[in-house]
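I opened the notebook to record a few look-ups. The entries below follow the order in which I made them.

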Amino acid sequence: MRLPFTVIAISYAVAIVGLVVIPGADDQGNPYYFSIFDAFYFVTYTATTIGFGEIPYPFTHAQKIWVSMSIYLTVVGWFYGIGTLVALLQDKLFISELAMARFRRSVRNIKEDFVIVLGYNDTTSQIIRKMIDENLRVVVIEKDQQRADYLMLEGFIPHVPVLVSDVHTTSSLEDAGIKSRHCKGIISLFESNVLNLRVTLASRILNPNIKVAVKSTTDDESENLYDAGANIVENPFALISSQIRMALEGPSLFKLENWLYKIDSLESKTFFIPQSEIILCGYGRLGEKIYDVFKQKGIYPTVIEKDKIKLRVAKNDGVQNIISGNAEDKYILKEADIQNAKLIIVATNNDTINLSIISTVKKLNKETVIITRENELSDFSIFSNAKIDHIFLPSQILIHKTANAIMNPLCDRMIKILNEKDEKWGSTLLSRLIKTISTSPLIIELNITKEKAPEVYNYLSDKTNKLNLETLTSSRHDRHMSNNVVPLLVIREEKDIILPNIDIELKCEDKILFACDENAKNDLDYVINNVYEFHYIVTGVEKKYFDKFVSRG
């Protein structure tokens, strides 16, 4: 726009100078000269073709001649400028730059903790919703303009800035605020291991302090991503097989895991898995993981697979009972003894095939337990209405796991601990939670830092002060009464203290995971942030507002 503005400025200057120099005449016939302001005012409404007449006096012939020339000069300049402006507003590069400027401004204006999400789809959309519900801001980078438009139409509140760009470029990550002190993490859940690896490496270089959460589908990929510096590597197939193993070993542990994921309550229906006469349809990445779980328990399912490469992999893995064929075919299912099967696991990567297999199975054996894999979130209503005993949705599991690991790291740590425990331990904890609190306890993560728990931190900063966990579980209305709280985990100097005793002494920087009810949560919020409530909980004496003035005196 430099040239159009220059043309307009020069045409204005020439017209104004002429009007100032050329003499006019007043109503008495005396010479009259335009001031610079009067000349500018006249040229302004003349050049824009508004028209207002000859002011303050009728023009002389010399003025009329000059004004006539000025009209052609300035109007042509205006048309040239407007035409250039319209062309510029239609220029894709210019529009892109304006959008980039708005995006950068939106990111700079975020003064709260936020996470960068790479790519927008059904999975990341739900992750974004979960994070917003937990008061965590989100910034998105999406390569496809149409998907970015869909995100804008969602109308997330607070606003989710979206940058249309390649997700793996350093400049895009910097524009998205990866170097900001408010940026707490980045999520990359692409199918491409190479792309996830590239994002991990770039993120580690740009900001070593953020959490990097990425997706993996094989053990080798997971190892490479951890080596590259990823903090959270989620393999949905490994997660599903882990849940099956947990259900086999201990239904109580499975209930606890779903509760920690905020998927279900502690009184949810027990996930029952028969341990004999099992058919596994599909020996892909998921089928392989599931077979390994059963194999470790001395259970050997009958595998149905039609892909020659996967059949070869199954044979190399030592699978004992393999049937080559299409599991949709009732004759193949009969060959696998579907009539006597207690459990069938449908684990192909095609939802249509999975539904077809399920339909055939129900005709041949209505008593068999059906577990299936659902690949697309959009098919959820179809699967949920198919009366299937249990549905594993990799995308949904990935949503819960990733969001939990970013927003609730102590919960994620507790879930990993559950995987190392037995059913007796899980059953005892489950009973304790239900008896002490309810079937739907709340989960609280407390970090004893200056920002998160100022009163506790200030008190413990004085090494002569002692504070135990029981104090924080007391009622702020009567410190001699305990709230309904079950401490689940204390992390101190990266060491886990599982189900700590209530009398454990706390230290600065401790991280504590509680299960409690709403009343206990409210009391704890008051105590850790309010000097008067904290003083009462610790000393049993009500602290008065004017005490500080008295002590100063």
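Leaving aside its neighbours within four places in sequence, which residues is Phe294 in contact with? I noted first that this is a predicted model. With those neighbours left out, I listed Ile244, Leu248, Ile273, Pro274, Ile278, Ile299, Pro301, Leu343 and Ile345 as the contacts of Phe294.

Next I looked up the nonpolar cores. The largest one has 53 residues. Phe294 is among the residues with the most contacts inside this core, along with Ile244, Trp259, Ile273, Met414, Leu433 and Leu488. I then checked helix H10, residues 236–249, and found that it gives the largest share of this core, 7 residues. A second, separate core has 27 residues, and I wrote down Val162, Ala213, Ala403 and Met407 as included in it.

Then I turned to Thr348. I found Thr348 in the loop between strand S12 (343–346) and helix H15 (351–364). Is Thr348 buried or exposed? Its relative accessibility is 16%, and the cut-off for buried is under 20%, so Thr348 counts as buried.

I listed the contacts of Thr348, again leaving aside neighbours within four places in sequence: Cys281, Gly282, Ile353, Asn354, Ile357, Arg373 and Asn375. With Asn354, I noted a polar contact from side chain to side chain at 2.4 Å. A polar atom of the Thr348 side chain also lies 3.3 Å from the backbone oxygen of Asn350.

Last, I looked up a distance. Thr348 and Gly540 are 192 residues apart along the chain, and I recorded 63 Å between their C-alpha atoms.

Conventions. Residues numbered from 1 in each chain as written. Predicted model: local features only at pLDDT ≥ 70, side-chain atom pairs only at ≥ 80, totals over all residues. Heavy atoms only, no water. Core = buried A, V, L, I, M, F, W, Y, C linked by side-chain atoms within 4.5 Å. Buried < 20%, exposed > 50% of the residue type's maximum accessible area, 1.4 Å probe, protein only. Helix = DSSP H or I, 4+ residues; strand = E, 2+ residues; numbered from the N terminus. Contact = heavy atoms within 4.5 Å. Polar contact = N/O pair within 3.5 Å; in protein donor to acceptor, adjacent residues only side chain to side chain.
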